[in-house]
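Welcome! Let us take a friendly walk through this structure, one part at a time.

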Amino acid sequence: QPAAAAAPVAQPPPPPPAAPPVECPSGSLPYNFSFRPGMGRQLSFNEEIVTDSGVFFAGVSLPPSPTPCIGAGIWTPITNLNDGDLLGCPDNGNNAINGVNGDGCNLLVVLEDESQLNDTSNIKIDDCRQGGSIISLQLVPPQPVLSYSFWDNENGEGSLFTWQNENGASNTVNIPVSGNNNGVTEDISTNQQLPPNDVQFVNVTYGGSGGLQTLRLCSTTTTTPMVNEPPPTTTGAVVEGDPHIHTFEGEHYLLLNQGTFDLWHLSGLQTSFVSNVSLGLTKKVDVNWQVYTHYSGSKSFTKAILVVDKSGGHLRQMAELTSKDCQWRIRMPGKEWEVVKESKLFFVPDGLPDGKKDYVTGFKVGLENQHLKMSMNTEQGKTNIAGIYTTCRPAHFLNLKLHMMRTNSGDEKFVKGEMRGFQRVKPISGKRPVGLTPATASALQLDTEMQSTDEEFSVKRRWQELGGSELTAEYLEAVDEKGPISHFLGTCDEEAKREAHAICAKHLGAAMAKGPEAAFFNDCVTDVCNGAGEVAAELAAELRVSSRRKDKD
């Protein structure tokens with residue numbers, strides 16, 4: 001009999017195709033989150049490590065007693081000059097401050113007992129070299145983590161990096177040993193065991209000395225887009241009159257509240273340029289600009305704005321404008337506030353006092369049309385990013401328009417605050433009555449307007465604590481209404497509305513009431529009718545001219 005044919009050998013199934021690398025979602029850009037700005041300190045449970053970053057300290061697990069480790073904290077070369085291992089940590093390409101190499105390179109470390117240090121000039125924020133401690137971070141909201149950087153994992157073979165998604169699944173990878181005074185950067189976006197999407201917690205196990213330097217995150221960590229959110233535009237956002245706020249993304253509402261508010265905050269944007277100081281090497285800097293505004297009275301007219309530059313992790317320059325005298329004031333680090341008497345660029349360069357310097361960021365104040373432009377150094381040289389155009393009447397109020405100046409750059413993705421729009425915690429309330437019959441409102445092209453108190457953007461810190469002057473703080477204290485503030489706007493009768501309509505048409509042109517800027521015209525009518533007088537129409541007209549006038553850089 002012929003031999004039976006051998007049974008075919010079963011072939012193993014082909015491996016599943018590799019998952020593509022994790023990327024930031026549409027409308028978001030990757031950036032390096034670093035543990036700065038901020039001084040060396042021990043972290044408190046649930047503390048947001050960097051303001052508005054969405055990265056929170058969620059806890060620490062220490063080795064069994066006895067141990068010199070006491071908790072988790074932020075190490076900086078400024079506050080711990082005697083640590084040779086960590087002191088070589090580069091500042092992500094930035095130059096040193098005060099001549100200290102690596103100044104500003106903040107690290108997330110396990111802390112040693114502060115009582116072991118007697119040098120009162122040196123804050124004890126040192127890494128605890130006993131292994132086995134775990135620091136936990138929480139990301140709010142959950143988001144992709146693309147990579148991480150760790151400094152001075154000298155002999156920590158047991159150092160681990162773990163991420164946990166919001167569904168509870170987790171994965172752990174080893175942090176490579178870097179050797180003394182060196183760092184490692186590890187890309188985890190291609191991990192196949194658990195792609196790091198929607199990461200809610202990051203756990204770092206410290207096998208020895210060293211600290212976590214950066215996380216590669218996505219730029220929209222604190223922004224929750226609305227469904228069908230329209231794309232951002234570069235047409236500008238406006239605060240004028242009562243005030244009426246027109247956001248970058250199309251919201252239009254009336255603010256009815258008193259106090260200081262987070263108007264516009266650009267952070268997470270990183271610029272790079274060729275450094276004069278570093279002999280032609282590329283230098284990278286995290287840009288951080290903040291604009292605060294103060295509204296006073298039940299009608300909430302704008303009385304002051306404050307612009308603060310903390311790019312690169314330290315204070316550079318501040319500018320103020322108030323309706324007391326309508327003069328821009330500037331303050332540089334270590335100096336007093338001074339009135340700007342000529343159009344000028346104000347900036348603090350990086351570099352040593354007697355050596356070469358780099359322009360990083362600056363404020364250009366122009367007196368011709370009361371504007372302030374924020375610029376940064378890029379590979380193309382000094383580049384304007386945003387401009388604030390104002391109109392002001394002493395002892396009345398001020399209006400402002402803020403333009404994002406780089407078309408199709410994506411800069412708007414890094415903006416938070418009232419002017420961004422579509423990111424509020426509480427919805428804007430329903431439309432308010434305007435005190436007119438429907439027929440009259442239609443004839444005068446008057447719409448009903450949404451209103452809000454913007455509590456989620458309210459800033460509870462004092463004006464001086466934000467960087468503002470004592471002089472302005474005293475002025476705001478004097479003009480603020482005392483006692484409970486009404487969150488409701490009065491109504492005007494039909495005759496008063498007609499008179500207000502005529503005044504606004506005189507300054508803005510009657511055609512504006514039926515054109516694409518009809519909403520701004522209606523704002524003018526509301527303000528004039530509710531007590532602001534003809535000055536509201538004058539300032540509204542001047543703001544349109546000011547923001548459209550071409551001026552020298």
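A residue is called buried when its relative accessible area is under 20%, exposed when it is over 50%, and partly exposed in between, using a 1.4 Å probe and protein chains only. What you see is a predicted model, in which local features need pLDDT of at least 70 and side-chain atom pairs count only at pLDDT 80 or more, while totals for chains, interfaces and linings use all residues. Residues are numbered from 1 along each chain as its sequence is written, and side-chain values use heavy atoms, with hydrogens and water left out.

Let us begin with the whole chain. Of its 553 residues, 53% count as buried. Its secondary structure comes to seven helices and 31 strands; here helices (H or I, at least four residues) and strands (E, at least two) are DSSP runs, numbered from the N terminus. A contact means heavy atoms within 4.5 Å. Among contacts between residues at least 6 apart in sequence, 68% join residues at least 24 apart.

Now look at helix 6, which spans residues 518–532. Because 13 of its 15 residues are buried, helix 6 is largely enclosed by the rest of the structure. Helix 5 (residues 494–508) packs against helix 6 at an angle of about 125°, and their axes are 8 Å apart. Helix 5 is therefore oblique to helix 6. Axes are lines fitted to C-alpha atoms, for helices over the stretch in contact, and angles run from 0 to 180 degrees between N-to-C directions. Angles under 35 degrees count as roughly parallel, over 145 as roughly antiparallel, 65 to 115 as roughly perpendicular, and the rest as oblique. Residues that meet where these helices pack include Ala500, His501 and Cys504 in helix 5, and Phe521, Cys524 and Val528 in helix 6.

Next come the strands. Two strands pair if DSSP finds at least two bridges between them. Strand 16 and strand 17 run antiparallel and are joined by 14 bridges; in this pairing, Asp262 stands opposite Tyr292 in strand 17. Strand 17 (residues 282–296) is mostly covered, with twelve of its 15 residues buried. Strand 17 also pairs with strand 18 (residues 301–309) in the antiparallel sense, over eight bridges, and there Tyr295 has Thr302 as its bridge partner.

Which residues have the most contacts inside the largest nonpolar core? They are Trp264, Leu266, Trp289, Val307, Trp328, Met374 and Met419, in a core of 43 residues. Strand 16 (residues 259–274) gives the most to this core, with five residues. A second, separate core has 33 residues, among them Ile135, Leu139, Val204 and Leu217. A nonpolar core is a set of buried Ala, Val, Leu, Ile, Met, Phe, Trp, Tyr and Cys residues joined through side-chain atoms within 4.5 Å. In soluble globular proteins, nonpolar side chains tend to be buried together.

Elsewhere, five strands form an open sheet in the order 3-6-11-8-9, with antiparallel pairing. Its edge strands, strand 3 (55–61) and strand 9 (170–174), each pair on one side only. Within this sheet, strand 8 (residues 160–165) and strand 11 (residues 199–206) pair over six bridges, and Trp163 stands opposite Val202 in strand 11.

One last stop is Cys89, in the loop between helix 1 (84–87) and strand 5 (107–112). Cys89 counts as buried because its relative accessible area is 0%. Cys89 and Asn182 are 93 residues apart in sequence and 7.5 Å apart in space, C-alpha to C-alpha.
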